Amino acid sequence: LKIDFKGWGKQSKFVAKANWIDHSHARNNVSALLWGDCVRSRADFENYPELYKTSPNVGAIDGFPIKLYANGIYQGLYTFNIPKDKWMANMDDSLDAHCILCGENYGSGCFRATANINGSDWTDEIHDVVPVSIKTRWNEAISFVMNSTDGDFKENLHNYFYVDSLIDYIIFGLVSCGLDAFGKNQLYLTYDAEKFIAGLYDADSTWGLYWNGESFVATDYSREQFEDYKNTNNQGNLLYVRLLKLFINEIKARYKELRQGALSSTNIINKFERFTDVISFDLYKEDYASTTGEGKFTEIPSKDTNNIQQIRNYTVARLTYIDNYINSLVEPVPCTGIT
């Protein structure tokens, strides 16, 4: 039974997402919408693959709030989402050149080890059997990140990745405080088994919400506190560590553009408000009532504090912190002698 929701095209596979840790039900979906704004604002967006450009939300999910009933029993608020699946990115699983890779750990997932792509380090989201061409090329990309000189990295990174997608990803991760976005949850899309596009997925732990939903991190939560640093002996995701070191000027220029558009406080807050305005206070309250799901969901975390006001306040303060952080970045100048 194929149905077209929101102009996504007629499809039969969707996700009903409980958003357990995120009582606002907004972070995952709104972050994906903001990411779409970032992608479409790139100067060279027209140079991206046509299938990518015409996918429902440029390779990211989309969705809307729903009330879910199972066998007549109200289960609470969910969101009805595009799945992490081939149609999310207009891909064809009969083609070996098409692939969506999802990071699953903090070893190979941090570009610090060879990839098996067997579900333990990376998952191929559209093929049952990983094409040899994908596995070979992805390990070439990882090897390049691990072994290239700084000069080689700066000069040839574009042979493996759409570099502006990486720049947007590091900026978006910093602004949204995507604390688990640099090991698990990374997406890389390819349409030719040669170059990979960074993509966004599973953005629940953003805009201050800790990974278990039980607390909020500080608005000045540093990049070195993110989960990839905690799980790699403070080394971090090597791809983005090197990017932040060697593409400072490009990152600064792009950050300035995004702060005037897609990542302005006005755009961020307006998108969150439009999403949450659909959900009444009574529906939020009923989400964890003892009458919902036969009393199974009364322990939803942060139900009194995870709301649109927290998101508004966090966004404004976080942007101020990241403005200062980006402005403080200085491209290193090599020492050529000591006297």
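Cys177 sits in the loop that runs between α5 (163-176) and β8 (187-190). Keep in mind that this is a predicted model. The backbone at Cys177 is worth a look: its phi is near 55°, a positive value in a residue other than glycine. Is Cys177 buried or exposed? With 1% relative accessibility, Cys177 counts as buried, since the cut-off for that label is under 20% relative accessible area.

Now for Val58, which you'll find in the loop between α2 (50-53) and β4 (63-70). Phi of Val58 is also positive, near 40°, and again the residue is not a glycine. As for the side of accessibility, Val58 has a relative accessible area of 1%, so it is buried.

Here are the two residues together:

| Residue | Phi | Relative accessible area |
|---|---|---|
| Val58 | near 40° | 1% |
| Cys177 | near 55° | 1% |

On to the helices. Two packed helices are described by the angle between their axes and the distance between the axes. For α7 (residues 238-246) and α8 (residues 248-259), that angle is about 85° and the axes are 5 Å apart. Angles of 65 to 115 degrees count as roughly perpendicular, and α7 and α8 are therefore roughly perpendicular to each other.

Which residues of α7 and α8 meet? From α7 come Leu243, Leu244, Lys245 and Leu246, and from α8 come Ile248, Glu250 and Ile251. Sorted by type, the residues of this contact are five nonpolar and two charged, with no polar ones.

Definitions and conventions
Residues are numbered from 1 along each chain as its sequence is written. This is a predicted model: local features need pLDDT of at least 70, side-chain atom pairs count only at pLDDT 80 or more; totals for chains, interfaces and linings use all residues. Side-chain values use heavy atoms; hydrogens and water are left out. Axes are lines fitted to C-alpha atoms, for helices over the stretch in contact, and angles run from 0 to 180 degrees between N-to-C directions. Helices (H or I, at least four residues) and strands (E, at least two) are DSSP runs, numbered from the N terminus. Angles under 35 degrees count as roughly parallel, over 145 as roughly antiparallel, 65 to 115 as roughly perpendicular and the rest as oblique. Contact means heavy atoms within 4.5 Å. Ala, Val, Leu, Ile, Met, Phe, Trp, Tyr, Cys and Pro count as nonpolar, Asp, Glu, Lys and Arg as charged, and the others, Gly among them, as polar. Buried means under 20% relative accessible area, exposed over 50%, partly exposed in between (1.4 Å probe, protein chains only).
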